[in-house]
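Welcome, and please open your viewer before reading on. We will go from stop to stop, selecting a few residues each time and looking at what is there.

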Amino acid sequence: MQFHHHGYVSGDPRVQPAAGAGIDRPEDLPDEVDVLIIGTGPAGMITAAQLSQFPGITTRIVERRPARLAIGQADGIQARSVETFQAFGFAQRITDEAYRIVEMAFWKPDPEDSTRIIRTARPEDDPAGISEFPHLIVNQARVLDYFAEFMRNAPTRLEPDYGFEFVGLDVDDDREYPVEVTLLRTAGAGEGSTRRVRAKYVVGSDGARSKVRAAIGCTLAGDRANHAWGVMDAVAVTDFPDIRRKCAIQSGEGGSILLIPREGGHLFRMYVDLGETGPDDDGAVRRTTIDQIIGKANAILSPYTLDVRDVPWHSVYEVGHRLTDRFDDVLPEDRGRRTPRVFITGDACHTHSAKAGQGMNVSMQDGFNIGWKLGHVLEGRSPEELLATYSAERQVVAQNLIDFDKQWSTLMAKRPEDFASPSELEDFYVRTAEFPAGFMTQYQPSLLVAGDQHQGLAEGFPIGKRFKSAPVVRVCDGVPTHLGHHATADGRWRIYVFADPAEAGAASGVSALADWLGSAADSPLAATPEGLDGDAWFDVKVVYQQAHTQVDIGRVPVMFKPSVGPFGLTDYEKVYATDPGADIFEERGLHRGGVVVVVRPDQYVANVLPLADTGGLAAFFAPLLAAAPRVQRGRAFA
């Protein structure tokens with residue numbers, strides 16, 4: 001964490017100085033805002049958290065509840081989400097309080113007595129080392145609390161506006177604030193009254209029954225599996241030996257349980273198989289009582305028993321897989337003729353079973369995706385065409401999730417005798433580990449993602465996939481660190497320069513690239529407006545092949561040591577060397593002649609280029625910066 005560059009900080013360094021919309025922020029909801037977010041679920045909160053880093057943008061987030069969520073329904077936090085939390089500054093803190101999954105147990109009928117279950121396998125959760133971050137279980141409400149804290153500490157001092165329910169909207173592109181939203185006051189002063197708020201953009205994160213989705217003419221289409229599950233959070237006394245381990249349990253008498261221990265050492269969640277539901281069920285299964293769910297769980301667990309002492313939350317649901325045909329308000333016939341004004345995220349545009357643990361995770365990536373794009377467009381960094389990439393990118397991800405979830409939920413509902421092999425369920429779990437961990441997303445070539453003509457220069461950083469961090473050593477102080485962990489959710493593009501073998505300061509591909517980045521009119525950094533730090537829009541880092549003791553930081557080009565803050569202090573934390581225990585060039589298949597890796601603000605690799613291909617780098621960023629004033633910035637790195 002870096003601070004003091006604006007002056008001495010004696011308090012919590014996570015609290016950023018108020019700026020822009022955060023100075024004298026009005027307590028009451030304004031009549032006009034730049035972005036209005038509907039719903040404080042994970043998708044809405046991460047969108048708001050990202051936008052809270054843009055001081056010049058007025059963002060508000062409304063919620064029909066009167067206060068914060070107390071008990072969340074989602075709890076699975078995949079490693080990709082923890083990577084994302086690192087960017088928002090709370091990965092370590094939430095890991096400390098969460099339950100960590102390191103292995104999963106599979107229980108099946110005893111071949112010698114099918115009335116009993118026995119443990120048959122216990123594979124590692126991440127045997128391939130997909131991420132340096134763990135797989136966690138923690139209450140959704142705590143995730144929202146951390147995002148709320150981040151927003152409060154951000155320059156805009158963003159806080160949710162509770163007690164407002166979305167009623168409807170009207171879009172007129174001829175208005176300065178084209179989207180007029182009608183809200184109903186559900187709590188507090190004026191309860192029962194309506195008011196209108198005008199916005200430049202609206203993000204609907206209002207759940208599976210989204211009224212924003214309905215307002216823009218989208219519908220969820222898909223199917224039901226006609227299979228019901230009872231789910232409960234509980235504390236109990238039991239002789240089941242794996243009560244503190246994630247388990248898939250299949251009984252010989254029919255029925256399955258997915259057991260997920262919760263944070264705190266005692267609480268656990270059980271998804272209990274309630275069996276098939278007929279087409280004429282008419283919702284009768286939803287009237288299953290908690291006592292019936294507990295009874296079914298005990299039948300499946302035999303010979304073990306479960307003495308449930310408290311159930312803070314339970315529900316009954318039927319598996320459904322649904323997806324909208326678009327994630328914004330632009331009709332197919334209008335694509336390319338107008339840009340979106342209204343977006344939907346999370347459960348508003350995709351629903352699926354809870355057992356794959358993906359709902360909250362994929363929803364947060366929806367919000368991360370649209371958040372920085374709105375920030376760049378509203379600040380004038382990028383053209384409005386950038387916003388069309390949200391629906392194009394995220395709809396494919398949601399479809400892939402639904403396809404995966406259908407396979408997983410179908411397997412979980414199977415009777416043991418129906419499997420092709422005794423180990424089919426655990427084999428699927430291990431074989432597909434990268435997908436539920438959140439790392440199979442790969443965005444296709446677009447305005448934001450280049451082609452793969454130079455992919456061979458950086459085989460470990462696949463274009464379109466998330467930037468997989470690796471160990472390096474910071475040159476200025478010799479501190480080992482992870483390269484990707486220094487990238488915060490500040491809306492900046494990352495340009496990672498992996499150096500050729502030449503020493504720092506010698507005439508080389510790196511020195512030539514540094515000169516071009518800092519002085520050329522077609523350098524992307526030239527778009528950074530006057531008055532901002534030279535690295536305000538682009539975070540440029542260099543990684544040398546030598547050990548840190550062999551890199552003379554005094555000879556490193558000034559491009560990689562920018563002046564920051566009102567005192568013009570030198571930022572030394574952009575210069576790295578290889579870690580002797582894990583050479584990043586070897587770990588990520590980086591070409592020893594040097595390579596440039598461009599990473600988006602939401603941590604996805606956008607381009608891979610040779611060091612000398614400054615023309616390719618300029619061409620990639622040119623359409624993304626078309627709306628921005630292009631000002632010479634060479635002096636910022638002197």
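Does aspartate 242 count as buried or exposed? Select aspartate 242: at 1% relative accessibility, this residue counts as buried. Buried means under 20% relative accessible area, exposed means over 50%, and partly exposed lies in between (1.4 Å probe, protein chains only).

Before we move on, a word about the model: it is predicted, so local features need pLDDT of at least 70 and side-chain atom pairs count only at pLDDT 80 or more, while totals for chains, interfaces and linings use all residues. Residues are numbered from 1 along each chain as its sequence is written, and side-chain values use heavy atoms, with hydrogens and water left out.

**Stop 1: around aspartate 242**

Aspartate 242 sits in the loop between strand E12 (221-238) and strand E13 (246-250). Strands (E, at least two residues) and helices (H or I, at least four) are DSSP runs, numbered from the N terminus. Leaving aside neighbours within four places in sequence, aspartate 242 is in contact (heavy atoms within 4.5 Å) with Ala105, Trp107, Arg119, Cys247 and Leu259.

**Stop 2**

Two strands pair if DSSP finds at least two bridges between them.

**Stop 3: salt bridges**

How many salt bridges does the structure hold? There are 49, each being a side-chain nitrogen of Lys or Arg within 4 Å of a carboxyl oxygen of Asp or Glu. Select aspartate 75 and arginine 262, whose side chains meet in a salt bridge (3.8 Å, N to O). This pair links distant parts of the chain, 187 residues apart. Aspartate 75 and arginine 262 are both buried.

Next, pick aspartate 173 and arginine 338, a salt bridge with the closest N and O atoms 3.5 Å apart. Aspartate 173 lies in the loop between strand E9 (164-171) and strand E10 (179-185), and arginine 338 in the loop between strand E16 (306-323) and strand E17 (342-344), so the pair ties together parts that are 165 residues apart in sequence. Aspartate 173 is partly exposed at 41% relative accessibility, and arginine 338 is partly exposed at 23%.

**Stop 4: an open sheet**

Finally, show the 7 strands that form an open sheet in the order E20-E19-E25-E22-E21-E26-E27, with mixed pairing. The edge strands, strand E20 (480-482) and strand E27 (605-609), each pair on one side only. Inside the sheet, strand E22 (residues 538-544) and strand E25 (residues 575-578) pair in the parallel sense over 3 bridges; find tyrosine 544 opposite alanine 577 in E25. To finish, select helix H12 (residues 614-621), which lies across strand E21 (493-498), E22, strand E26 (595-599) and E27, running at about 155 degrees to E27. Such angles run from 0 to 180 degrees between N-to-C directions, with axes fitted to C-alpha atoms, for helices over the stretch in contact.
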